[in-house]
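User: I would like to go through the labels assigned to this model and check what each one rests on. Please give the value and the cut-off each time.

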Amino acid sequence: MVGNSKDIKRTISKFVNDRKNPEQAEIDLLIARMLSHKLGSTLPEDITLTLGSKVEFFLGMEDAENWIKKAVSALPQTNKYSMSKFLVSQIYIMHLLTSYLGTKNKNFYIQLLHDNVIKKVEEIENAKSSLSKHQLSPLVGKTLKGYDHSHVELIPSDRMEMYSKSENMKHLVESLENNNMQVGDALDILDNDIKSGFNKARKSTGSWLMSKKVSGKNIYLAIMCHPSQKGAINDELVYKTIKIAEKYLD
């Protein structure tokens with residue numbers, strides 16, 4: 001069945017508007033704080049209160065050594081790549097957040113596409129030289145000089161927000177109306193255009209996967225989420241997270 005462009009626009013707009021709700025901003029900030037938490041230190045009281053009974057699955061973060069062992073054991077596929085154990089821990093935290101708060105819990109629930117981190121690393125490592133320039137970009141600013149980043153889709157609504165950009169929406173409508181395409185086919189074409197860097201206005205969005213090159217080899221350090229709440233992320237926080245992650249390199 002060929003998609004109706006008006007229905008597509010309406011659906012995407014609803015997803016984006018839902019993400020702008022104050023409640024979503026609070027959830028995003030909780031995720032960001034969990035992922036940047038210093039392992040081995042006590043979880044802040046407000047986080048434990050927010051997690052409620054589910055906090056029992058995260059208290060192990062206060063014992064860094066054993067927590068890392070659990071994370072590595074749960075995610076053996078990460079051993080194939082040069083990853084900081086802090087990044088492995090972050091993927092594990094996202095897995096637990098989705099597993100235990102992925103259904104309605106109190107007044108919120110959390111869904112994270114944590115497998116996309118490993119998929120992104122695989123994509124970068126397996127990219128041909130002609131495509132590699134679109135996978136990693138240098139972080140800008142004096143503080144972050146020497147580090148790279150790539151975008152990773154962790155929150156399902158991030159993709160809808162990307163689609164809702166005017167150039168991307170126009171692309172979808174043209175594909176649906178002028179080329180008589182199926183919705184899935186139109187989205188696949190748009191995804192490929194975005195990945196190829198065809199148009200700056202269509203560039204991908206999402207959380208940052210931060211890395212650095214050592215002797216020409218990519219070393220993957222940490223994930224940094226972009227909370228909806230304005231001002232909740234800055235270069236200082238990114239740098240602090242990177243430095244924590246570097247302590248967990250083999």
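User: Which residue in β4 is the bridge partner of Trp208?

Analyst: Trp208 has Met224 as its bridge partner in β4. Note that the model is predicted.

User: What makes β3 and β4 a pair of strands?

Analyst: Pairing requires at least two bridges found by DSSP. Seven bridges join β3 (residues 207-214) to β4 (residues 217-224), so by that criterion the two strands pair. They run antiparallel. β3 and β4 form a hairpin with two residues between them, and Ser215 in the turn has a positive phi of about 55°.

User: How do you know that β1 and β2 pair?

Analyst: Two bridges join β1 (residues 137-138) to β2, and the requirement is at least two, so the pair qualifies. The strands run antiparallel.

User: Which residues of β3 stand opposite Asp148 and His149?

Analyst: The bridge partner of Asp148 in β3 is Ser211, while His149 stands opposite Met210. Five bridges join β2 to β3, and these strands too run antiparallel.

User: Why is β2 called largely enclosed?

Analyst: Four of the five residues of β2 (residues 148-152) are buried, so the rest of the structure largely encloses this strand. β3 is mostly covered, with six of its eight residues buried.

User: Why is Asn218 called buried?

Analyst: Its relative accessible area is 11%. Buried means under 20%, so Asn218 in strand β4 meets the definition.

User: Why is the pair of Trp67 and Tyr92 called tilted?

Analyst: The ring centres of Trp67 and Tyr92 are 5.1 Å apart, within the 6.5 Å needed for a pair. Trp67 lies in α4 and Tyr92 in α5, so the pair ties together parts 25 residues apart in sequence. Trp67 and Tyr92 are both buried.

User: How do you know that the buried residues of α4 line one face?

Analyst: The buried residues of α4 are Ala64, Trp67, Ile68 and Ala71. Viewed down the helix axis, they fall within an arc of 100°, so they line one face. The face turned away carries the exposed residues Glu65, Lys69 and Ser73. The buried residues of α4 pack against α5.

User: Which residues have the most contacts inside the largest nonpolar core?

Analyst: Met34 and Phe58 have the most contacts inside this core, which has 57 residues. α5 gives the most to the core, with 10 residues. Setting aside neighbours within four places in sequence, Met34 is in contact with residues including Leu43, Phe58, Ile93 and Leu97.

Definitions and conventions: Residues numbered from 1 in each chain as written. Predicted model: local features only at pLDDT ≥ 70, side-chain atom pairs only at ≥ 80, totals over all residues. Heavy atoms only, no water. Phe/Tyr/Trp six-rings, centres within 6.5 Å; stacked < 30°, edge-to-face > 60°. Buried < 20%, exposed > 50% of the residue type's maximum accessible area, 1.4 Å probe, protein only. Core = buried A, V, L, I, M, F, W, Y, C linked by side-chain atoms within 4.5 Å. Contact = heavy atoms within 4.5 Å. Arc of directions from axis to C-beta.
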